[in-house]
Amino acid sequence: MQRRILVSADDYEIRIAVIENSKLAEYFFERRNEERIIGNIYKGIVTSITPGIDAAFIDIGLPRNAFLYVNDLLPDIQDYDFLEDEVNDTEENGEAPAVKSMELPPVSIRDLLKEGQQILIQLYKEPIGAKGSRVTTNISLPGRYVVLLPCTRHVGVSRRIVEEAERERLKQIVTRLLPDHMGAIIRTAGKDLGEEAFREDLAHLQHEWERIKAKRETSPAPALLYENPSMVFLLIQDLISDGIEEIVVDDPSLYSEIVEFVKVQFPKSVHQITLYDDPASIFRAYGMETFINNLRTRKIWLHSGGYIVIDETEAMTVIDVNTGRYIGKYNLEETVFKTNLEAATEIARQIRLRDIGGIILIDFIDMRSKEHQEEMIRHFHEQLKKDRSRIHLYPLTELGLLQMTRKRVRKSFMKSITQPCPYCKREGHILSVDTMIIKIFRTFEEICREEGAKTVVLRVHPRLAEKITQDHMTRVQVLEERYNAKFKILPSAELHFEQIVEELG
């Protein structure tokens, strides 16, 4: 399988696309005006305790207090998904493994915390909707080959290392190197390495932990003690040893940073990094913009003529499978089986690509054959192995529905770029104001770069024109100077909120 990473950086966002066999497999973006806070470590203050839900609210210096559930306060080894490698191993039968937690007597949140108490926590879920950030006291520090667990006595191995002898060898090495009170997770990149590589990695992480503890002693709460690396570097660290053939970057400054990072972390892979310097947008040149735009569609057509429909609700995501135009060649059962197999492949891809988390309910087409049902579930499980998030897959229900959960860490793609739609009484979604403003500025830049226009007039929805005039005229001036072109934005009441009409001068 051919795999490539595209990294595009401009004044608005850093965008990352993971391509597998010329198709978009994963897509991430970080906006310049938004901080990525997953993995950050804070010194917080307990502001209130709610015994009814066994939870506490923690002030960590963000606009909204974080949420600490009692199970995230007790010693536990089950939640490190933001670090990409999982603690739990997937069982051979494809079912979710049992949670490996320490046996502890029942305890109330009031037995462990009091209001005004200062506490060291790590953020592992960004705020989603009305829910605040989720935090844990089970601190984790990601390194090149291991994830250090300074507060947990456990040594685990990435599920992607499957050979039992290698798993045991790695465990023995890392256990010897760790202090008695610490634990670690061995990452996929640690496979086949010797003791010296782990010694250096653990020494660096332990030094970082000592620095965090020292900062905790001198910093008044609430305080940020440790900031997780940018998503770009975390993703490269996680994927570069997993069959990535090329990393293509379109920004010279970020390219230099990535080269320096890889030189230190993965010196043998520096040759895989390429600087893209063509005037055309890198995402358009590789055909990724079409894939990204299609992520907003509910209906996804399959090559056979069948289709799936994806609906995200507040409580769960529901996916329906239909035969559509596919009529098969032999009989109904065979037609349904082939449609379900193709749908299973696409559903696994779409869940990963759209970063859908939480409860997912899939309504495959009913199959009478038990053998076909089992084969379809086996195939679906194999496709889900490409996903780096933790997934639990459950047996088919009596109604033929397949239930699964996928670790929810951040907003899904749809929720990140849209807002409630005013045209349909807020029952649907349109692109958000911030997303549309970025799209308007990118449109101007692409026209100037690719067509050499000296005057660009863009007609947009009045609300967007007003927002740019009030808050973004400095950005307009910067762009005009950069491209030596005049940029005019005209309000047009007849345009849909998502429309941009170009007029070249």
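**Exercise 1.** In this predicted model, determine how many residues of helix α3 (residues 231-239) are buried, and against which elements they pack.

*Solution.* Begin with the count: nine of the nine residues of α3 are buried, and the helix is thus described as mostly covered. Next, name the residues, taking "buried" to stand for under 20% relative accessible area: they are Met231, Val232, Phe233, Leu234, Leu235, Ile236, Gln237, Asp238 and Leu239. Finally, look at what surrounds them: the buried residues of α3 pack against the strands β1 (3-9), β2 (13-20), β3 (23-31), β9 (141-142) and β14 (246-249), and also against helix α4 (252-265).

**Exercise 2.** Describe the two faces of strand β10 (residues 146-149), and find which strands pair with β10.

*Solution.* Take the faces in turn: Val146 and Leu148 lie on one side, Val147 and Leu149 lie on the other, and all four are buried, which leaves both faces covered. Then turn to β9, which runs antiparallel to β10 and is joined to β10 by two bridges, with a hairpin of three residues linking the two strands; here Pro142 stands opposite Val147. On to β12 (residues 183-186), which is also antiparallel to β10 and is joined to β10 by four bridges, Gly183 being the bridge partner of Leu149.

**Exercise 3.** Decide where the model calls for caution.

*Solution.* Start with the whole chain, which averages a pLDDT of 85, with 90% of the residues scoring at least 70. Then examine residues 76-105, over which pLDDT stays under 50, although the model has 75 contacts beyond four places in sequence for them. Where pLDDT is low, the predicted coordinates should not be read in detail.

Conventions
Residues are numbered from 1 along each chain as its sequence is written. This is a predicted model: local features need pLDDT of at least 70, side-chain atom pairs count only at pLDDT 80 or more; totals for chains, interfaces and linings use all residues. Side-chain values use heavy atoms; hydrogens and water are left out. pLDDT is the predictor's confidence in each residue, from 0 to 100. Contact means heavy atoms within 4.5 Å. Buried means under 20% relative accessible area, exposed over 50%, partly exposed in between (1.4 Å probe, protein chains only). Two strands pair if DSSP finds at least two bridges between them.
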